[in-house]
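Me: I am new to this structure. Could you walk me through it, please?

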Amino acid sequence: MNANIACLPGDGIGPEVVDAAKVVLDAVGDAFGHQFILQNYPIGGGAIDLYGNALPDFTLEACLDADAVLLGAVGGPKWDSPDALVRPEQGLLAIRKGLNLFANLRPVKPHAKLLSASPLKSEKLIGVDLIFVRELTSGIYFGTPKERRNINGEEMAVDTMSYTTGEIQRVSRLAFELARQRRKKVTSIDKANVLESSRLWRKVVSQVGSEYPDVALEHILVDAAAMYLLSKPASFDVLVTENMFGDILTDEASVLTGSMGNLPSASIGDGLNKFGKPRGLYEPIHGSAPDIAGKGVANPIGTVLSAALMLRYSFGLENEALLIEKAVSQAIEQGALTADLGGNYTTSAMIQAILQQFSESISAYE
Ligand code: NAD
Ligand code: IPM
Ligand code: MN
């Protein structure tokens, strides 16, 4: 296979974790005779510094032409002024919108060896295997008006949470399809007791759900969902929710695995690549971690597992994806842990441990 991957390392630890994932992709390519052609493009704060724009046109065009996109993280204190006219995060929102990536999949499955790395009691974590389907191109992130105003000499700001029926249908259909391949349960999370957009959300998800009688559907209010994620996380299978609720709840859920650094994500929409598969964007759920950037200690697992999701969803390479996931799992099993997980492995030592497990699997395979 010959695949073009646009790489957007971004800011902070972004380049560190993307480099780590590239090494793993190279190893997969070598072992299976695939050609993964990775080309870097600017996004985020670095792109603002160079081009005054968090998503230069040529970066978006390269992503539209690529078979998949691998992204690190954007943002940092340098660009964080509340009055800044351009922000790194705008680049991330623009690439998601520009590729029409309306669904962001964030799987959460604690590793048996990491149960003690989570602040939750281990017995709560047994059997946790859930996946968020976060709506990614609408809601309060994109609704208009979104602006500052001057009202009677006072500054005021407004954001708008809006959803159309079509936007809710497409993301919830994806959630039900996913549930069909799993434990056949969808939990829809909203704030229908307060928000009009959530009442439409609930109505449309129920309508779509009626097309999937084999899948159980439950609706939970977002505040209670935040609590149940800690009190009974094993009860969830597929969780579907609007953009901002999904952002917040997935950071919370990442703690079930011991660290936010562990969580991968896949963003997909209706764009297809030359393989007839989704032209997805793959990124860890964490940010640019300015507090540890440049120290070589970032946990690369979220990005490496994102690369595995890329192989699975965008290239149809299930076997290769499974081998990466197995190598990560076995490296953890052997005690390879970065500082966020209570260990002392550097990013590169962690990658070496993953590569070691990968090559052992390949030798056994041959
Ligand atoms: P963050 O995710 O960058 O960091 C939160 C905490 O988790 C920090 O203590 C950090 O050191 C730790 N952490 C995160 N990833 C880690 C990893 N791989 N290994 C070890 N520890 C890790 O969130 P933040 O501090 O709220 O935000 C920092 C910047 O990142 C902000 O500018 C924010 O906008 C941006 N951000 C970007 C993305 C993205 O690009 N997808 C996501 C979230 C935040
Ligand atoms: C994420 C991040 C982004 C989001 C920010 C950086 C725009 O937090 O990918 O989870 O809110 O979607
Ligand atoms: Mn987030």
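Reply: Happy to! One term first: a polar contact is a pair of N or O atoms within 3.5 Å; within protein, one must be able to donate a hydrogen and the other to accept it, and residues adjacent in sequence count only if both atoms are side-chain atoms. This is a predicted model, in which local features need pLDDT of at least 70, side-chain atom pairs count only at pLDDT 80 or more, and totals for chains, interfaces and linings use all residues. Residues are numbered from 1 along each chain as its sequence is written, chains are lettered from A and ligands numbered from 1 in the order in which they are written, and side-chain values use heavy atoms, with hydrogens and water left out.

Me: Which residue has a polar side-chain atom 2.7 Å from an oxygen atom of ligand 2?
Reply: For Arg-106, the distance from a polar side-chain atom to a ligand 2 oxygen is 3.0 Å. For a side-chain N or O atom of Asp-247, it is 2.9 Å. The residue at 2.7 Å is Arg-134.

Me: How much of ligand 2 does the protein bury?
Reply: Accessible areas come from the Shrake-Rupley method with a 1.4 Å probe; for residues, only the protein chains shown count as cover. Taken alone, ligand 2 exposes 320 Å², and the share that the protein buries is 79%.

Me: Which helix gives the largest share of the shell around ligand 2?
Reply: A residue is near a molecule if one of its heavy atoms lies within 4 Å of it, and the residues surrounding ligand 2 include Glu-89, Leu-92 and Arg-96. Helices (H or I, at least four residues) and strands (E, at least two) are DSSP runs, numbered from the N terminus. The largest share, three residues, comes from helix 4 (residues 88–98).

Me: How many residues of the shell around ligand 2 are charged?
Reply: Asp, Glu, Lys and Arg count as charged, Ala, Val, Leu, Ile, Met, Phe, Trp, Tyr, Cys and Pro as nonpolar, and the others, Gly among them, as polar. This shell has three nonpolar residues and no polar ones, and its charged residues number five.

Me: Which residue has a backbone N or O atom 2.7 Å from an oxygen atom of ligand 1?
Reply: Ligand 1 is surrounded by 21 residues. His-286 has a polar side-chain atom 3.2 Å from a ligand 1 nitrogen, while a backbone N or O atom of Ser-288 is 3.1 Å from a ligand 1 oxygen. The backbone atom at 2.7 Å belongs to Ala-289.

Me: Where is Asn-152 found?
Reply: Asn-152 has a positive phi, near 50°, in a residue other than glycine. Asn-152 itself is in the loop between strand 6 and strand 7 (154–160).
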